[in-house]
Amino acid sequence: MKSFLVLSGFALACVLPGLGCSSTSASGSNGKKLSMLKPVNQTLKRGDTNKVAITVWRESISSDVSVRFENLPQGVKVIEQDKKVKDSDYIVNYTLFAANDAGLVSGQIVHVTAEGPDGLAVTESLEVTVKE
């Protein structure tokens with residue numbers, strides 16, 4: 001029932017005007033499927049933090065899913081480096097921190113990869129902007 005409610009919520013969010021979302025899925029053996037909703041683009045000011053919601057859902061997978069961020073702007077890091085999406089969770093917030101000397105960028109493409117068992121992985125991207 002929980003899976004149905006969560007997936008229904010994702011479907012509703014994707015059809016609401018102005019939200020326009022996309023997702024990526026990967027399928028493996030024995031009906032395993034891993035999907036991730038495209039994260040929302042982020043704008044940070046130097047010295048500030050932003051929460052990024054990572055939404056993952058799975059079918060026939062009962063293990064935690066690891067998440068990694070690649071190609072972050074210079075001076076921007078993820079606070080929760082080893083945080084995983086637990087089996088009972090669908091949405092996990094990660095904190096981006098822009099150092100006081102972070103590079104000023106506009107729309108830098110950052111790749112977010114969620115990886116489950118047996119190398120099953122999905123990657124989505126978001127744009128990160130760092131301002132003064």
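Trainee: What does the accessible surface of the protein chain come to, and which share of that belongs to carbon and sulfur atoms?

Mentor: Good place to start, and keep in mind that this is a predicted model. The accessible surface comes to about 7,300 Å² for the protein chain, and carbon and sulfur atoms own 50% of that.

Trainee: How do I read a sheet?

Mentor: In general, strands of a sheet pair through backbone hydrogen bonds, either parallel or antiparallel. In this structure, an open sheet of 5 strands has the order E1-E2-E4-E8-E6, and its pairing is antiparallel. Strand E1 (23-27) and strand E6 (76-78) are the edge strands, each pairing on one side only. From one strand to the next, the twist averages 25°.

Trainee: How many bridges join strand E2 to strand E4?

Mentor: There are 4 bridges between strand E2 (residues 33-37) and strand E4 (residues 49-59), and these two run antiparallel. To place one of them on your screen, find Met 36: its bridge partner in E4 is Val 56.

Trainee: What share of the contacts links residues 24 or more positions apart?

Mentor: Among contacts in the protein chain with a separation of 6 or more, such residues account for 62%.

Note on methods: Residues are numbered from 1 along each chain as its sequence is written. This is a predicted model: local features need pLDDT of at least 70, side-chain atom pairs count only at pLDDT 80 or more; totals for chains, interfaces and linings use all residues. Side-chain values use heavy atoms; hydrogens and water are left out. Contact means heavy atoms within 4.5 Å. Accessible areas come from the Shrake-Rupley method with a 1.4 Å probe; for residues, only the protein chains shown count as cover. Two strands pair if DSSP finds at least two bridges between them. Axes are lines fitted to C-alpha atoms, for helices over the stretch in contact, and angles run from 0 to 180 degrees between N-to-C directions.
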